[in-house]
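Q: How do I read aromatic pairs in a structure? Please walk me through a case.

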Amino acid sequence: MRRLIASTFVSLDGVMQAPGGPEEDPTGGFAHGGWTFPFWDEVMGRDMRGFDGKDRELLLGRKTYEIFDGYWPYQSADDPIARTLNAARKYVASRTLSEVGWNNSTLLRGDVATAVAALKAQAGQDLQIIGSGNLIQTLQAANLIDEYNVWTFPVVLGRGKRLFESTATPAGLRLVHSLASTTGVVMSTYEPSGGVKVGTFETVAPSEKELARRARMARDGA
């Protein structure tokens, strides 16, 4: 079975909206588009696996597909990321699009979780989600995501679309890789690890006998 990897940039407070530019996604009056730009360094440039689509097939939500389709086909053929993304096979999850024109793109029909489960069962390259927050949340609820590639940027945005909204299904994650850039971006890889494990730091309340002993010690100055 193929693996499904979800890759995204998030702020410290979990916002993933419009990381690439002011006009990328101003939905809801979001005014901080392009918030990742000041943090890029050579470390991040060397660790782009998961965001460049190399050796994977892409799975995109409608909004991310439209952003990519309006940008990558028009970049230089010498750009290695543009070359890879334009050539990759792409699956687009949308309830509103009737067709997709970007090279090697296929529109998924019907229930998206069912369609993605069928894709995972096929032989081929692993599947890669880039951005596509609504899609991530749908597939997270269906337990279909095998890996999260999350880059956390040292900035608080306050509002905007989040990687996990309040409707997210509670789940445990295991950190399998982490690297920090020179600008403070933490690049982390997680895998699902079952349900949320809980415990307590509370101690057992002292018995009446123990309380009496402590009172005597305090009285006697011990």
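This is a predicted model: local features need pLDDT of at least 70, side-chain atom pairs count only at pLDDT 80 or more; totals for chains, interfaces and linings use all residues.

A: Residues are numbered from 1 along each chain as its sequence is written, and side-chain values use heavy atoms, leaving out hydrogens and water.

Q: How is a pair of aromatic rings described?
A: By the distance of the centres and the angle of the planes. Rings of Phe, Tyr and Trp (its six-membered ring) pair if their centres lie within 6.5 Å; planes under 30 degrees apart are stacked, over 60 edge-to-face, the rest tilted. The whole structure holds 11 aromatic pairs.

Q: Why is the pair of Phe9 and Trp40 called edge-to-face?
A: Because the ring centres are 5.6 Å apart and the planes stand at 80°.

Q: Which parts does this pair tie together?
A: Phe9 lies in strand S1 (residues 4-11), and Trp40 in the loop between S1 and helix H1 (42-46), so the pair links parts 31 residues apart in sequence. Helices (H or I, at least four residues) and strands (E, at least two) are DSSP runs, numbered from the N terminus.

Q: Is Phe9 buried or exposed?
A: Buried means under 20% relative accessible area, exposed over 50%, partly exposed in between (1.4 Å probe, protein chains only). Phe9 is buried, at 14%. Trp40 is partly exposed, at 32%.

Q: What do Phe39 and Phe153 form?
A: An edge-to-face aromatic pair, 5.9 Å centre to centre with 75° between the planes. Both residues are buried.

Q: Which residues form one aromatic cluster?
A: Phe9, Trp35, Phe39, Trp40, Trp151 and Phe153.
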